[in-house]
Amino acid sequence: MDKGNLSVVLLGLCWDMQVLLLLIFFMLYLIIVSENIAIMVLVIIDAHLHSPTYFLLVNLSFVDTWLSSVTTPKMITDFVRENKTTSFGGCMCQVLFVHFAGGGEMVLLVVMAYDHYVAICKPLHYSTIMNLQKCIGLVATSWTIGFVHAMSQMVVIMRLPFCGPREIDSFFCDVSLIIKLACIDSYNLGVLMNADSGLLAITCFIVLLIPYTYILLAVRQSSKTGASRALSTCTAHITVVVLFFGPCIFIYVWPLSITWVDKFLVVFYSVFTPLLNPAIYNLTNKEIKNAIKRFRSYYMHSNGDM
């Protein structure tokens, strides 16, 4: 079994384009890290945001930062390297952490949908149902499911015999691409591994529809003011769900097998989704906006006293 270096090939990119992409993705990665860390810090230091909803939002920001950090820095450095290689161990780590974080985020989005359902449909019982202990348990469950999913992928890959050409036409290592390097007929195995990821994605997506169905039914029976507030609360989360599950479904459930499309979906999944999530919540969430104003006011007041 040859588990030497695996070449990550970026076909069709001239040197000028690689330099341009380096600058673009370096700036995007800095924005991803800074805005997600800003949300985590804001929720931690602002007592008004110490609620289950924002506890879950902090976890989402952490997972997004992690997911982007697994793939983006390596992709950025490869733009300026002639020898775009990664060790077998490095490739396996990417697979492990991408599926760990990705699987965990799918379940976390389901938990956030449940949180919105309780807040809108059972507001009087919200503090009892969504207590700290239950929130920690639900987040721990999302991490556990993500870990089990990632290990189910790793167990299969680690047992495969690999042989040339040891080239992957993508920006980072993923299961379906690594399986093609195995010295066996990998078609059926590839379908099985995609089904593993696709099953988790589709299951989470279908479960997500349940609380939002109840929310929409409840909104129809409420006043215009209550309906507007409920829809505003859910709009950001629904947008995040679409941005996250859309690429996942086309990568694992309904693969198009078109190289440039696959690369675009991979970049969207690992870069643009973590980039857009904090912006979406900041633009639509009044509590986050008010917390930013309080922070700015406190900071300006502190500087004025100095």
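First, the ground rules. The model is predicted, so local features need pLDDT of at least 70 and side-chain atom pairs count only at pLDDT 80 or more, while totals for chains, interfaces and linings use all residues. Residues are numbered from 1 along each chain as its sequence is written, and side-chain values use heavy atoms, with hydrogens and water left out.

Let me start with the whole chain. The chain has 10 helices and three strands; these are DSSP runs, H or I of at least four residues for helices and E of at least two for strands, numbered from the N terminus. In sequence order the pattern reads β-α-α-β-α-α-α-β-α-α-α-α-α. Of the 306 residues, 47% are buried, where buried means under 20% relative accessible area, exposed over 50% and partly exposed in between, with a 1.4 Å probe and protein chains only. For contacts between residues at least 6 apart in sequence, 80% join residues at least 24 apart; a contact is heavy atoms within 4.5 Å.

Now the cores. A nonpolar core here is a set of buried Ala, Val, Leu, Ile, Met, Phe, Trp, Tyr and Cys residues joined through side-chain atoms within 4.5 Å. The largest one has 56 residues, and Met106, Leu109, Phe244 and Phe245 have the most contacts inside it. Helices that each supply at least two residues of this core include H1 (15-45), H2 (52-78), H3 (88-121) and H7 (187-221). H3 gives the most, 12 residues. Beyond its neighbours within four places in sequence, Met106 is in contact with Leu200, Ala201, Cys204, Phe244, Phe245 and Cys248. There is also a second, separate core of 20 residues, among them Ala150, Leu160, Leu189 and Met193.

H3 also figures in both helix pairs I want to show. How do H3 and H7 cross? Their axes come within 9 Å and cross at roughly 10 degrees; axes are lines fitted to C-alpha atoms, for helices over the stretch in contact, and angles run from 0 to 180 degrees between N-to-C directions. H3 and H7 are therefore roughly parallel, given that angles under 35 degrees count as roughly parallel, over 145 as roughly antiparallel, 65 to 115 as roughly perpendicular and the rest as oblique. The residues in this contact comprise 19 nonpolar, four polar and no charged. In that scheme Ala, Val, Leu, Ile, Met, Phe, Trp, Tyr, Cys and Pro are nonpolar, Asp, Glu, Lys and Arg are charged, and the others, Gly among them, are polar.

The other pair is H2 with H3, packed at about 160 degrees with axes 10 Å apart. That makes H2 and H3 roughly antiparallel. The contact of H2 with H3 has 16 nonpolar, five polar and four charged residues.

Finally, two single residues. Ser68 lies in helix H2 and, at 0% relative accessibility, counts as buried. Leaving out residues up to four places away in sequence, Ser68 touches Tyr29, Ile32, Pro73, Ser270 and Pro274.

Leu49 sits in the loop between H1 and H2. Is Leu49 buried or exposed? At 1% relative accessibility, Leu49 counts as buried. Leu49 and Glu287 are 238 residues apart in sequence, yet 7.5 Å apart in space, C-alpha to C-alpha. Setting aside residues up to four places away, Leu49 touches Leu42, Val43, Tyr54, Glu287, Ile288 and Ala291.
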